[in-house]
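Here are my notes on this model, as numbered points. Please keep the structure open while you read.

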Amino acid sequence: MRLSLSTYEMELVRKQIGREPLESEWKVIDALWSEHCSYKSSKIFLRTFPTGGENVIMGIEDWQDAGAVDLGDGLALVLKVESHNHPSAIDPFNGAATGVGGIIRDIVSKGAKPIALLDMIRVGDLGSERNRWLLKGIISGIGFYGNSIGVPVVGGELSFDESYNDNPLVDVACAGIVKKDKIIPSVVKKSGLKLVLVGLTGIDGLGGASFASRKLSGEDEIGAVQIADPFAGKIIIDATLEVSDKVEAIKDLGGGGLAVAVTEMANGLGANIKLENVPLRVKEMTPEDIIVSETQERMLFAVEEGNVQSVCKSFEYYEYPCAVIGEITEDKIIRFTFEGKEIVSLPSELLLSPPLYMWGTSTERRGMKPRIAVEIGQAIRKVLTHPDMVSKEWAYSQFDYEVGISTVIKPGEADASLVKLPNGKFLALKGDANPELCLYNSYECGKAIFAEVYRNLATVGSIGVAAVDHLQFGDPRRPEVYQDFVNSVRGISEASKVLNVPIVGGKVSFYNENLRGEAIKPTPLIVMAGISEKFFRPKIDEDQYIVLLGITKDQLAGSLYHKLFGGEEETPNEILYEDLITSKFVTQLIREGKVEFVKDISKGGIIGSLWPIIVKGYSVSLNIDSIIGASRVESKLFSENGGRFILLTQNLEEIISRSRDNGIFSSQIGKVKGREKIGLSLNDKFLDLTEEVDKYYSFLEGMQ
């Protein structure tokens, strides 16, 4: 029996229940107390997040499967982010596909209709055949599931770094819409309710929660990976939404299977489960395996006895298994029996109260690589051909991003995706991370990634209304890893408060390491949703003025330029008020129709922000001396400090004047030229980038 529990935790269990637990009980405790389910090393700090607000309907409370905010007009947005990192490292196709299925069920469990998916993927060096295999499988799995169930994948990220060798990161976020008075809780508040399970239980995904709470071993761990079945998933979506007004609570069966779903739904009350009533896919499964199986496409409902028949009738219409497996009890004991024999009998309080840890920390600064001398033209070419800067069309072309005909801005068209809502407004979505910056200063990085997503939404005319986070790190018992985790939480929390965007949910994923025991770069990720009253699609034309908003700083640490060329550099200091005022100014300009194209300045600096213009076949003139702030040329071109935007406009004088009235530094730094040549003029010295543009479009085509 392989458990993730420590000796201390096992002794704690024995002391609390006054006996030696059965093997089946150890498995249940292991599932509930896994890092994946219990947040043992993180919950203390997660409590510092700003989770409330006037529009928050459901935040981080109890064991709710997703957060919700009021959108007005009687509608609510339901938002969630999840990952399937470890499963995707073993079986990339099923690992990624089941990640999509799981996040969809989280949204559906609130009674909400899923309307959009985002996928944020990080893999290692594509020079490795295994990393190419991982990436192909991950993209195929996401496309297979999303396309089959009819939920569009409208955006995301695809990034590459050697630290993700062996341990890719596969983050999936989903947004759903529901009438705000029809939101269904994931927990119950009274006894006597019948517990109804839909779907078949099999032997796939056994011990998945425990598997996700430890390092990859390199051994055969394929049995811990669930198998995807999107056609069954579509039945779950349709039938669950059909019966949502007939149930008291809904819980997706994810990590830990029935053990976790039943315990979390009971929420301190008790439950009696008869395992012989569980519909099985595989005959003669042991009772222990039935309890902790993580077979996908299952849902648990708490139902008044009088509504059970009606609920099951909806699933039986699709010939989908539906059975009463138990009920909620007053005695605060979670019991699983099999043909009259007690298999598990444990107090709810024990299962829901794992020990919480605050590990040691280290403030030791990570060393920077020696500086590589490079000429500016050479540096531009190297930055623009980095895999992070190339076209990701190979990936998103495999996704049906237009299904449902509500996608307004498609993947790759702007810094955020835009989806039309039933009330005529527009929902903007974006997810972002910056592991390179987090490597040097995770506190500033926490602020920076939150601010960057906020700016991304502003580029399509939207103001952020809700965020969810996913905090991904190595072993939390390592002082430097835990320090990064704590600092990133502090930074995210500060940005959430300043920008007034509540955090309504999230996830923590520890033990992300390669087979040599080296941790991934710290990778906290933020997914944010915003609302816009007006549709805005970026437009590029000849003779548009290029305006820079914000001040550029001599802060290159953590930038793509710094990653490639090294050097002892200063870390960007995120001044959140700059992000706030520039973002609000940009959204106002968009709503007034004063700008045609907006790009926030992040990866690649100003050069990276001009790249989407150049790859459309234009040349760009850039006056380096007009870039306000930084003293060094490389900083002017490549610094990734926040609070800045590139605008394309014909209303030059008005924008410059109004920006200064709002206390924002601004200047015209260049102009969009014609299509005769493709490249960049730096102070009238032309750099032909035709070859780099070809690489932009062809780099990932070799993945076919």
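1. Surface first. This is a predicted model. The protein exposes about 25,200 Å². Carbon and sulfur atoms supply 48% of that area.

2. Burial. The protein has 704 residues, and 64% of them count as buried.

3. Overall dimensions. Along the principal axes, the C-alpha atoms fill a box of roughly 85 × 50 × 45 Å. The radius of gyration is 26 Å. A compact globule of 704 residues would have a value near 27 Å, so the two agree.

4. Secondary structure and contacts. I find 24 helices and 26 strands in the protein. Take the contacts between residues at least 6 apart in sequence: 85% of them join residues at least 24 apart.

5. Charge. The protein carries 77 positive and 98 negative side chains. How far apart do the centres of the two sets lie? The separation is 2 Å.

6. Backbone at E284. Most residues other than glycine have a negative phi. E284 has a positive phi, near 60 degrees. The residue is in the loop between β9 (270–274) and α11 (287–292). Is E284 buried or exposed? Its relative accessibility is 79%, so E284 counts as exposed; the cut-off for exposed is over 50%.

7. Backbone at N683. Phi is positive here too, near 50 degrees, and N683 is not a glycine. N683 is found in the loop between β25 (679–682) and β26 (685–688). Its relative accessible area is 36%, so N683 is partly exposed. Partly exposed covers the range between buried, under 20%, and exposed, over 50%.

Conventions. Residues are numbered from 1 along each chain as its sequence is written. This is a predicted model: local features need pLDDT of at least 70, side-chain atom pairs count only at pLDDT 80 or more; totals for chains, interfaces and linings use all residues. Side-chain values use heavy atoms; hydrogens and water are left out. Helices (H or I, at least four residues) and strands (E, at least two) are DSSP runs, numbered from the N terminus. The radius of gyration is taken over C-alpha atoms; the globule rule is 2.2 Å times the number of residues to the power 0.38. Buried means under 20% relative accessible area, exposed over 50%, partly exposed in between (1.4 Å probe, protein chains only). Contact means heavy atoms within 4.5 Å. Accessible areas come from the Shrake-Rupley method with a 1.4 Å probe; for residues, only the protein chains shown count as cover. Lys and Arg count as positive and Asp and Glu as negative; His and the chain ends are not counted. The place of a charge is taken as NZ of Lys, CZ of Arg, CG of Asp or CD of Glu.
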